[in-house]
Each structure stands twice: as structure tokens, then as C-alpha cells.
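User: I am new to this structure and would like a close look at one part of it, namely the side chains and how they pair with one another. Please take me through it carefully.

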Amino acid sequence: MKHKAFLWGMLLLFAAELAVVLVFAKPWMGGGPRSENDLQAGSTAGSESGSQAGSTAENRSRQDTVAVNEAVQSVQRDWDNLKQHRNETELDYTVVDLEEKVRFRTRAGLSESRNEAILHRDTILDLVTEGRPVGKIIIYNNSNEIIKMEMQKLFGVLLAVMILQAGLCGGCFFYINRVMVKPFRKLERFAQRVAEGNLDLPLEMDRQNLFGAFTEGFDLMRAELKRARIAEAEANAGKKELVAKLSHDIKTPVASIKAAAEVGEALAESGKMRENYLRIVQKADQIDGLVSNLFTVALEELSQLSVNPGDFKSGELEALLQNADYFQKAKIPPIPDCLLYGDLFRLQQVFDNLFANSYKYAGTKIRLSVCMEETCLSVSLEDSGGGVPPEELPFLKEKFRRGSNREGVEGAGLGLFISDYFMKEMKGALSVENGKEGLRVTVRILLSGGI
């Protein structure tokens with residue numbers, strides 16, 4: 001959510017900058033800031049000479065003085081024959097005589113009187129030939145158009161800068177997301193798997209990444225934890241074997257004591273003697289029961305793992321399968337809509353164990369299939385690793401039992417045993433068989449109405 005908030009923040013910033021540019025450029029995109037007050041001020045200006053001088057002084061500073069002089073000189077030179085006059089400048093102008101009759105204009109739409117020129121803030125200059133004034137030249141004031149063009153250019157430059165800024169921010173965001181956010185998310189998922197007890201899947205490392213050495217340290221921690229767990233499992237297995245062996249060794253002399261006491265009871269001559277022998281037999285039975293209970297408790301520690309099943313929608317299986325398929329070796333098929341009964345947390349562990357076994361022992365693509373059965377939804381995983389010998393299939397779900405293909409592969413032989421236990425506690429089932437190309441494991445999850 002944080003990286004999405006960052007992206008939305010950048011988009012809002014870009015939109016705000018664009019709005020400011022549009023507001024700033026709007027007056028100039030619409031033809032210039034001309035208000036009614038400006039026109040009234042021009043039309044009611046003090047005297048003609050004052051208005052003319054003010055307008056002329058203002059506009060001369062905006063127009064090319066050389067071009068203006070060329071226009072004036074050419075008109076004065078051609079005054080007697082203005083019909084043959086040619087405009088040799090880039091300026092637009094109107095030529096009027098002293099009675100304000102138009103003698104020449106470069107195009108239509110120009111000011112044709114002194115008042116119009118003052119309102120439009122055109123430049124008004126006298127025309128003099130042979131030392132006497134003959135008329136006036138009204139040079140069109142194009143300063144607003146020039147400013148408008150300049151503002152349009154500025155608007156384009158600002159827009160290009162903003163687009164470049166947005167591109168740089170977007171590129172920075174995606175770069176940070178790729179080199180920082182994604183590695184940390186992968187590390188977060190890895191830590192969650194470790195917390196759930198899944199130590200078989202290594203953490204993929206990219207040594208070109210900024211956090212390559214950092215992630216390598218976490219994977220070394222995982223490897224050490226896995227070695228410690230295997231050592232603990234081996235130690236527990238040794239303890240269980242020792243308990244079984246001691247139970248057998250203790251049962252043998254206890255049985256001998258019991259048998260001797262029973263013979264003594266049968267041969268006893270007095271009631272008190274028979275009562276003593278009977279007490280010995282009872283104590284022998286008590287010791288035998290305690291030893292049997294000790295042996296049973298050692299082999300049934302699995303009951304300490306709690307399973308809390310409940311109803312959930314089948315659509316949640318897709319997330320479980322995606323989380324379990326760490327190396328993305330399977331394509332998740334469509335999952336029928338239904339209501340299932342199970343423990344999502346334990347189901348995640350079941351699928352984690354199944355995918356991890358396929359990664360370790362086969363290392364091939366995994367074919368997933370999901371189908372509805374009468375009272376359950378079955379999810380099958382099949383790899384292309386060749387499977388296991390048929391005689392080993394019945395024993396794969398036993399505690400500490402591993403297939404003959406275990407050479408060089410770490411493991412404790414508990415994955416399928418624990419998964420099978422979880423499925424039984426959820427009223428489901430787990431089956432193992434050889435498929436066409438490899439081992440096929442099917443998880444059957446009970447439908448909610450099939451309890």
C-alpha cells in the first residue's frame with residue numbers, strides 16, 4: 001500500500017503542476033488580456049497628442065525600429081503613387097491622409113482611424129513630404145500576438161519539463177520498486193515461511209542486487225536452522241528408539257517376574273503366601289502398563305499439533321497454491337466454486353510440504369489438476385521425476401520413512417507423515433501413487449456439507 005500511495009502522490013503532484021501551468025497560460029491562449037477598462041482608458045485619454053505619444057512610446061519599444069523606419073520612408077517616397085506601393089517589411093500598417101481617408105493598407109482588419117489606433121494601441125506616425133505633413137501611418141500593434149506566441153512556447157517547454165519530470169519520477173519509482181521493494185517483499189515471504197517451519201526452500205539471491213549479501217545472510221540462517229532441525233529430529237528419533245529398546249528390555253524381566261509369581265501363587269500352601277504372590281503379579285502388571293504408556297506417548301507426540309478446521313471458500317486455495325509454488329513450476333488451473341471445510345493454516349503447510357518434496361526429489365515442472373468429487377474437492381500434483389518403486393509407496397506416509405531416491409537430498413522423513421495427519425484431522429485424505437511420468441500426490445478436501 002505504501003508504494004501505491006507514493007505513486008498516487010507523484011500523480012497528484014504532476015496534476016497540480018499541470019493545473020498551475022494551464023491557469024497561468026489561459027489568458028495568453030485566448031488572445032491576450034484586453035479588458036473593457038483598458039479600452040475605455042484608451043478612448044478617454046487626455047488629449048490626442050498625449051494619447052498618441054503614450055501609445056507611440058509604448059509600441060515602439062515592442063516593435064522593430066528599423067522596420068518601422070523602412071515602412072515610413074517607403075510610404076513617404078511613394079506617397080504620390082501609393083497604388084504601386086509595395087510593403088518591403090514584415091509589418092502590417094494602414095496609410096491615411098489628413099482627412100483620415102485610407103490611402104493604403106497591407107491587409108484587411110487593420111485600424112483605419114486615429115481613435116481605432118489608440119484603442120488598439122497601434123503606433124501612429126506622421127508622414128511628411130517636401131517639408132509638410134501629408135498624412136499618417138498606423139502600424140499594427142502585434143505585441144499581444146508576439147507575447148501569445150512566446151507564452152505558447154513557454155507553455156510547451158514547461159509541459160515538456162513536466163512530462164520529463166513525470167518520466168523520471170516514474171522510472172525512479174519502478175527502479176526503487178524493483179531493486180528495493182521487491183527484494184524486501186521476497187525476504188518478508190521467506191521470513192514467514194521460516195516462521196511457519198518451512199526450511200527446505202532456499203532464498204533466491206541476486207548478487208548484482210544492492211541487498212545480495214544481506215539476503216545471503218538470511219539464507220545461511222535458514223540452512224543453519226534446517227541443520228539444527230534435522231539434528232533435533234535425529235536426536236528425537238534416537239530418543240524414541242532408546243525408549244522402545246528400554247521398554248522391550250524392561251518388559252522381559254517384568255514378564256519373568258510375573259510368571260515366577262504366578263507359579264509361586266499356585267504352589268503356595270498358605271493364604272498369606274498366595275496373597276503376597278498375587279500382589280507381586282499386580283505390581284508387575286502395573287509396571288508393564290506404565291512402560292507401555294511411556295512407549296505410546298513417545299510415538300504419539302504428533303497429537304500436540306492443533307488443527308482448527310472451519311468453512312472457507314474454494315477461491316482461497318489459489319493463494320495457498322501460489323504461496324507454496326515458490327519456484328513457479330506449476331500452472332494453477334481454474335478452481336470450481338464451492339464451500340470447503342478445513343484449516344487454511346494447516347493446508348498451507350500441506351501444500352508447502354508437497355511442493356518442497358517435488359522441488360527436492362524431482363526438480364521438474366509440476367502438473368496441477370483440480371476436480372470435484374462426490375463429497376470433496378481433490379487437488380493433484382504430479383511431477384516428471386519418475387516416481388518411486390511400487391513397493392515403497394505404502395510406507396512413504398510413515399514417520400521417518402523416505403524413498404530410495406533420498407541420496408544426497410536433505411530431509412527428515414516427516415513431510416508426508418505430518419501432511420497426512422493434518423488431512424485426517426480435517427476429515428480429508430492424502431494419497432500417494434505413481435503417475436504417468438512421476439509421483440502423483442492427491443489432497444482431498446472435504447466439502448462443507450459433507451461433514
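Analyst: What follows goes through the confidence of the model, then its charged pairs, its rings and its cysteines.

This is a predicted model, in which local features need a pLDDT of at least 70 and side-chain atom pairs count only at pLDDT 80 or more, while totals for chains, interfaces and linings use all residues. Residues are numbered from 1 along each chain as its sequence is written, and side-chain values use heavy atoms, with hydrogens and water left out.

The pLDDT, which is the predictor's confidence in each residue on a scale from 0 to 100, averages 78 over the protein, and 75% of the residues score at least 70. Over residues 30-62 the pLDDT is below 50, although this stretch has 37 contacts in the model beyond near neighbours in sequence, a contact being heavy atoms within 4.5 Å. Where pLDDT is low, the predicted coordinates should not be read in detail.

Turning to charge, a search of the whole structure finds 14 salt bridges, each defined as a side-chain nitrogen of Lys or Arg within 4 Å of a carboxyl oxygen of Asp or Glu. One of them joins Arg444 to Glu373, with the closest N and O atoms 3.2 Å apart. Because Arg444 lies in strand β10 (residues 439-446) and Glu373 in the loop between β7 (367-372) and β8 (376-382), this pair ties together parts that are 71 residues apart in sequence; helices (H or I, at least four residues) and strands (E, at least two) are DSSP runs, numbered from the N terminus. Arg444 is partly exposed at 27% relative accessibility, and Glu373 is partly exposed at 31%, where buried means under 20% relative accessible area, exposed over 50% and partly exposed in between (1.4 Å probe, protein chains only).

Within helix α11 (residues 415-425), Lys424 and Asp420 lie four residues apart, about one turn of the helix, and their side chains meet in a salt bridge of 3.2 Å, N to O. Lys424 is exposed, with a relative accessible area of 54%, whereas Asp420 is buried, at 8%. Salt bridges also link Arg367, Glu382, Glu433, Glu437 and Arg440 in a network.

Among the rings, there are five aromatic pairs, counted when the centres of Phe, Tyr or Trp rings (for Trp, the six-membered ring) lie within 6.5 Å, with planes under 30 degrees apart called stacked, over 60 edge-to-face and the rest tilted. The rings of Phe327 and Tyr359 have centres 4.9 Å apart and planes at 40 degrees, so this pair is tilted. Phe327 is in the loop between α9 (316-324) and β6 (339-342), while Tyr359 is in helix α10 (residues 344-361), so that the pair links distant parts of the chain, 32 residues apart. Phe327 is partly exposed, at 27% relative accessibility, but Tyr359 is buried, at 10%. Ring pairs link Phe327, Phe355 and Tyr359 into a cluster.

Charges also meet rings: the charged end of Arg103 sits over the ring of Trp79, 4.7 Å from its centre, where sitting over a ring requires NZ of Lys or CZ of Arg within 6 Å of the ring centre and within 35 degrees of the ring normal.

Finally, the whole structure holds zero disulfides, a disulfide being a pair of cysteine sulfur atoms within 2.5 Å. For Cys338, the nearest cysteine sulfur, that of Cys376, is 9.9 Å away. The sulfur of Cys371 is 8.1 Å from its closest cysteine sulfur, in Cys376, which is too far for a bond.
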